[in-house]
Amino acid sequence: MDKKIVSEILNKYHIKTYNPEDLVAFFTPLEKLVEKYTKKGEKILEIGCGNPIFGFYMNKQRYNIILTDISPPAKNVITLDIQDCEEFIQKHKKEFNLIYARLVFSKQYEKEHEEKTGKKRFTDIDKILSNIKKLVKKGGHVILIDDKGSIFSKKQFNFHGLKIIESYTVKLKPSIKNTVLVLRS
Ligand SMILES: C[S@@+](CC[C@H](N)C(=O)[O-])C[C@H]1O[C@@H](n2cnc3c(N)ncnc32)[C@H](O)[C@@H]1O
(Lines give C-alpha, C1' and ligand atoms only; values in the text may rest on other atoms or scores of the structure.)
Protein backbone atom coordinates (compact mmCIF):
# COMPACT_ATOMS: atom_id res chain seq x y z
CA MET A 1 0.00 0.00 0.00
CA ASP A 2 1.13 3.52 -0.75
CA LYS A 3 1.43 5.49 2.50
CA LYS A 4 0.86 8.79 0.69
CA ILE A 5 -2.49 7.65 -0.73
CA VAL A 6 -3.54 6.22 2.68
CA SER A 7 -2.74 9.64 4.24
CA GLU A 8 -4.82 11.42 1.56
CA ILE A 9 -7.82 9.17 2.37
CA LEU A 10 -7.42 9.78 6.11
CA ASN A 11 -7.31 13.55 5.49
CA LYS A 12 -10.24 13.51 3.08
CA TYR A 13 -12.49 11.76 5.64
CA HIS A 14 -11.02 13.68 8.63
CA ILE A 15 -9.95 10.42 10.31
CA LYS A 16 -7.42 11.03 13.05
CA THR A 17 -7.64 7.74 14.98
CA TYR A 18 -5.27 5.77 12.71
CA ASN A 19 -1.78 6.46 11.55
CA PRO A 20 -0.85 5.59 7.95
CA GLU A 21 2.14 3.40 8.95
CA ASP A 22 -0.08 1.09 11.03
CA LEU A 23 -2.71 0.84 8.29
CA VAL A 24 -0.06 -0.04 5.72
CA ALA A 25 1.36 -2.74 8.06
CA PHE A 26 -2.08 -4.16 8.89
CA PHE A 27 -3.57 -4.20 5.39
CA THR A 28 -0.65 -4.99 3.05
CA PRO A 29 -1.06 -8.81 3.43
CA LEU A 30 -4.74 -8.48 2.44
CA GLU A 31 -3.89 -6.17 -0.47
CA LYS A 32 -1.45 -8.80 -1.83
CA LEU A 33 -4.11 -11.52 -1.63
CA VAL A 34 -6.75 -9.34 -3.34
CA GLU A 35 -4.22 -8.70 -6.13
CA LYS A 36 -3.43 -12.42 -6.35
CA TYR A 37 -7.01 -13.69 -6.48
CA THR A 38 -8.84 -11.06 -8.59
CA LYS A 39 -8.36 -8.75 -11.49
CA LYS A 40 -9.26 -5.06 -11.36
CA GLY A 41 -12.92 -4.61 -12.20
CA GLU A 42 -14.07 -8.04 -10.97
CA LYS A 43 -16.73 -7.94 -8.26
CA ILE A 44 -15.54 -8.13 -4.67
CA LEU A 45 -17.53 -8.13 -1.41
CA GLU A 46 -16.07 -6.98 1.90
CA ILE A 47 -17.92 -8.27 4.98
CA GLY A 48 -17.66 -6.25 8.20
CA CYS A 49 -15.43 -3.50 6.86
CA GLY A 50 -15.58 -1.38 10.05
CA ASN A 51 -13.25 1.48 9.27
CA PRO A 52 -13.57 1.49 5.45
CA ILE A 53 -10.13 2.87 4.61
CA PHE A 54 -8.79 -0.31 3.00
CA GLY A 55 -11.84 -0.64 0.69
CA PHE A 56 -11.71 3.06 -0.21
CA TYR A 57 -7.99 2.68 -0.96
CA MET A 58 -8.52 -0.36 -3.19
CA ASN A 59 -11.46 1.21 -5.03
CA LYS A 60 -9.23 4.22 -5.71
CA GLN A 61 -6.91 1.70 -7.45
CA ARG A 62 -9.85 0.68 -9.68
CA TYR A 63 -10.93 -2.42 -7.77
CA ASN A 64 -14.68 -2.98 -7.58
CA ILE A 65 -15.43 -3.63 -3.91
CA ILE A 66 -18.86 -3.39 -2.27
CA LEU A 67 -18.15 -2.45 1.32
CA THR A 68 -20.61 -3.76 3.93
CA ASP A 69 -21.00 -3.86 7.69
CA ILE A 70 -23.77 -4.70 10.15
CA SER A 71 -23.29 -1.19 11.49
CA PRO A 72 -21.95 1.01 8.67
CA PRO A 73 -19.50 3.65 9.85
CA ALA A 74 -19.65 5.82 6.70
CA LYS A 75 -21.52 6.74 3.56
CA ASN A 76 -20.77 4.31 0.71
CA VAL A 77 -20.93 1.36 3.13
CA ILE A 78 -23.99 -0.89 2.77
CA THR A 79 -25.76 -2.32 5.81
CA LEU A 80 -25.41 -6.09 5.79
CA ASP A 81 -25.74 -8.67 8.55
CA ILE A 82 -24.06 -11.70 7.01
CA GLN A 83 -26.11 -13.99 9.29
CA ASP A 84 -29.41 -12.63 7.98
CA CYS A 85 -29.24 -11.27 4.43
CA GLU A 86 -31.80 -13.04 2.21
CA GLU A 87 -32.69 -9.86 0.30
CA PHE A 88 -29.04 -9.08 -0.48
CA ILE A 89 -28.52 -12.69 -1.62
CA GLN A 90 -31.50 -12.47 -3.98
CA LYS A 91 -29.88 -9.41 -5.63
CA HIS A 92 -26.29 -10.65 -5.66
CA LYS A 93 -26.46 -14.46 -5.95
CA LYS A 94 -23.14 -15.98 -7.18
CA GLU A 95 -22.00 -12.49 -8.16
CA PHE A 96 -18.66 -12.13 -6.41
CA ASN A 97 -15.28 -13.33 -7.67
CA LEU A 98 -13.91 -12.65 -4.21
CA ILE A 99 -15.33 -12.18 -0.72
CA TYR A 100 -13.11 -11.15 2.16
CA ALA A 101 -13.50 -10.43 5.87
CA ARG A 102 -10.75 -9.18 8.13
CA LEU A 103 -11.03 -9.64 11.91
CA VAL A 104 -14.77 -10.40 11.71
CA PHE A 105 -14.90 -14.19 12.18
CA SER A 106 -11.99 -14.26 14.62
CA LYS A 107 -11.84 -16.40 17.73
CA GLN A 108 -10.52 -13.36 19.58
CA TYR A 109 -13.37 -11.06 18.47
CA GLU A 110 -15.94 -13.70 19.46
CA LYS A 111 -14.23 -14.30 22.82
CA GLU A 112 -14.26 -10.56 23.66
CA HIS A 113 -17.97 -10.35 22.82
CA GLU A 114 -18.81 -13.39 24.95
CA GLU A 115 -16.82 -12.07 27.90
CA LYS A 116 -18.60 -8.70 27.65
CA THR A 117 -22.18 -9.86 27.03
CA GLY A 118 -22.31 -13.52 28.08
CA LYS A 119 -23.63 -14.33 24.59
CA LYS A 120 -22.17 -15.42 21.28
CA ARG A 121 -22.05 -12.77 18.54
CA PHE A 122 -22.39 -15.34 15.78
CA THR A 123 -25.20 -17.71 16.74
CA ASP A 124 -25.51 -19.57 13.44
CA ILE A 125 -22.13 -20.41 11.93
CA ASP A 126 -23.62 -22.70 9.26
CA LYS A 127 -25.90 -19.92 8.09
CA ILE A 128 -22.93 -17.55 7.67
CA LEU A 129 -21.00 -20.08 5.56
CA SER A 130 -24.07 -20.98 3.55
CA ASN A 131 -24.72 -17.28 2.83
CA ILE A 132 -21.10 -16.72 1.78
CA LYS A 133 -21.32 -19.78 -0.49
CA LYS A 134 -24.48 -18.37 -2.13
CA LEU A 135 -22.76 -15.04 -2.82
CA VAL A 136 -19.41 -16.26 -4.19
CA LYS A 137 -19.08 -17.48 -7.78
CA LYS A 138 -18.18 -21.08 -8.47
CA GLY A 139 -14.37 -21.10 -8.68
CA GLY A 140 -14.27 -17.78 -6.80
CA HIS A 141 -12.36 -17.21 -3.57
CA VAL A 142 -12.94 -16.26 0.07
CA ILE A 143 -10.21 -14.68 2.18
CA LEU A 144 -10.50 -14.69 5.97
CA ILE A 145 -7.91 -12.86 8.05
CA ASP A 146 -8.27 -13.41 11.78
CA ASP A 147 -6.87 -12.83 15.21
CA LYS A 148 -6.11 -16.09 17.10
CA GLY A 149 -7.69 -18.17 14.35
CA SER A 150 -11.08 -18.49 12.70
CA ILE A 151 -14.35 -19.43 14.40
CA PHE A 152 -14.99 -21.86 11.52
CA SER A 153 -13.52 -25.36 11.38
CA LYS A 154 -12.09 -27.17 8.36
CA LYS A 155 -15.01 -29.62 8.60
CA GLN A 156 -17.53 -26.74 8.36
CA PHE A 157 -15.74 -25.28 5.31
CA ASN A 158 -15.76 -28.72 3.64
CA PHE A 159 -19.44 -29.21 4.41
CA HIS A 160 -20.24 -25.94 2.59
CA GLY A 161 -18.04 -26.74 -0.40
CA LEU A 162 -15.30 -24.27 0.49
CA LYS A 163 -11.84 -25.79 0.05
CA ILE A 164 -8.87 -24.40 1.99
CA ILE A 165 -6.11 -23.60 -0.51
CA GLU A 166 -3.87 -21.41 1.67
CA SER A 167 -3.47 -21.37 5.44
CA TYR A 168 -0.70 -19.53 7.30
CA THR A 169 0.17 -16.98 9.99
CA VAL A 170 1.46 -13.53 9.15
CA LYS A 171 3.40 -11.20 11.49
CA LEU A 172 2.17 -7.60 11.09
CA LYS A 173 4.26 -6.07 13.87
CA PRO A 174 6.53 -7.81 16.40
CA SER A 175 3.56 -8.20 18.77
CA ILE A 176 0.71 -8.73 16.28
CA LYS A 177 0.03 -11.88 14.28
CA ASN A 178 -2.96 -12.73 12.10
CA THR A 179 -4.04 -16.05 10.64
CA VAL A 180 -4.84 -16.17 6.93
CA LEU A 181 -7.18 -18.61 5.16
CA VAL A 182 -7.91 -18.63 1.45
CA LEU A 183 -10.81 -20.83 0.34
CA ARG A 184 -11.97 -21.80 -3.14
CA SER A 185 -15.65 -22.28 -3.86
C1 LIG B 1 -13.09 -6.09 14.72
S2 LIG B 1 -14.03 -5.19 13.53
C3 LIG B 1 -12.99 -5.36 12.08
C4 LIG B 1 -13.20 -4.23 11.12
C5 LIG B 1 -12.35 -4.28 9.82
N6 LIG B 1 -12.68 -5.45 9.02
C7 LIG B 1 -10.89 -4.22 10.08
O8 LIG B 1 -10.16 -5.13 9.66
O9 LIG B 1 -10.42 -3.23 10.70
C10 LIG B 1 -15.38 -6.28 13.17
C11 LIG B 1 -16.45 -5.68 12.28
O12 LIG B 1 -17.42 -6.70 11.98
C13 LIG B 1 -18.71 -6.11 11.96
N14 LIG B 1 -19.72 -7.17 12.18
C15 LIG B 1 -20.04 -7.78 13.36
N16 LIG B 1 -21.04 -8.66 13.18
C17 LIG B 1 -21.35 -8.64 11.86
C18 LIG B 1 -22.32 -9.32 11.06
N19 LIG B 1 -23.17 -10.22 11.59
N20 LIG B 1 -22.38 -9.04 9.73
C21 LIG B 1 -21.54 -8.12 9.19
N22 LIG B 1 -20.61 -7.43 9.90
C23 LIG B 1 -20.51 -7.68 11.22
C24 LIG B 1 -18.65 -5.06 13.08
O25 LIG B 1 -19.64 -4.08 12.94
C26 LIG B 1 -17.22 -4.53 12.92
O27 LIG B 1 -17.17 -3.39 12.09
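Predicted model: local features only at pLDDT ≥ 70, side-chain atom pairs only at ≥ 80, totals over all residues.

Biologist: Sheet first. What is the strand order in the open sheet?
Modeller: The order is β3-β2-β1-β4-β5-β7-β6, an open sheet of 7 strands with mixed pairing. Strands (E, at least two residues) and helices (H or I, at least four) are DSSP runs, numbered from the N terminus. Two strands pair if DSSP finds at least two bridges between them.

Biologist: Which are the edge strands?
Modeller: β3 (78-79) and β6 (163-173). Each pairs on one side only.

Biologist: And β4, which strands does it pair with in the sheet, and in what sense?
Modeller: β4 (residues 96-102) pairs with β1 (residues 43-46) in the parallel sense, over 3 bridges. Ile44 has Leu98 of β4 as its bridge partner, and Leu45 stands opposite Ile99. With β5 (residues 136-146), β4 also runs parallel, joined by 6 bridges. There, Ala101 has Leu144 of β5 as its partner.

Biologist: How many residues of β4 are buried?
Modeller: 6 of the 7, so β4 is largely enclosed by the rest of the structure. Buried means 20 or more other C-beta atoms within 10 Å of the residue's own, exposed means 12 or fewer, and partly exposed is in between; C-beta atoms are placed from the backbone.

Biologist: What about the β5 and β7 pairing, parallel or antiparallel?
Modeller: Antiparallel, with 6 bridges. His141 stands opposite Arg184 in β7.

Biologist: How many bridges between β6 and β7?
Modeller: There are 9, in the antiparallel sense. Lys171 stands opposite Lys177 in β7. The two strands form a hairpin with 2 residues between them.

Biologist: Core next. Which residues of the largest nonpolar core touch the most other members?
Modeller: Val34, Leu98, Ile99, Val142 and Ile143, out of 49 residues. Such a core is a set of buried Ala, Val, Leu, Ile, Met, Phe, Trp, Tyr and Cys residues joined through C-beta atoms within 7 Å.

Biologist: Which elements supply at least two residues of this core?
Modeller: α2 (20-37), β1, α3 (53-60), β2 (64-69), β4, α6 (125-135), β5 and β7 (176-184). α2 gives the most, with 6 residues.

Biologist: Take Ile143. What does Ile143 touch?
Modeller: Leu30, Leu33, Tyr37, Leu98, Tyr100 and Val182, not counting residues up to four places away in sequence. Contact means C-beta atoms, placed from the backbone, within 7 Å.

Biologist: Now α6. Which residues in α6 are buried?
Modeller: Ile128, Leu129, Asn131, Ile132 and Leu135. They cover an arc of only 160 degrees around the axis, which puts them on the same side of α6. The arc is that of the directions from the helix axis to the C-beta atoms.

Biologist: What covers the buried residues of α6?
Modeller: The cover includes β1, α4 (86-92), β4, β5 and α7.

Biologist: Switching to Tyr57. Buried or exposed?
Modeller: Buried, because 21 other C-beta atoms lie within 10 Å of Tyr57. Tyr57 lies in helix α3. It touches Met1, Ile5, Val6 and Ile9, leaving out residues up to four places away in sequence. Tyr57 and Ile9 are 48 residues apart in sequence, yet 7.3 Å apart in space, C-alpha to C-alpha.

Biologist: How exposed is Lys148?
Modeller: Partly exposed, with 13 other C-beta atoms within 10 Å.

Biologist: Last one, the ligand. Which residues come nearest?
Modeller: Gly48, Gly50, Ile70, Arg102 and Leu103, of the 17 residues around the ligand. A residue is near a molecule if its C-beta atom, placed from the backbone, lies within 6 Å of it.

Biologist: What is the shell around the ligand by class?
Modeller: It has 8 nonpolar, 5 polar and 4 charged residues. Ala, Val, Leu, Ile, Met, Phe, Trp, Tyr, Cys and Pro count as nonpolar, Asp, Glu, Lys and Arg as charged, and the others, Gly among them, as polar.

How values were computed:
Residues numbered from 1 in each chain as written. Contact = placed C-beta atoms within 7 Å.
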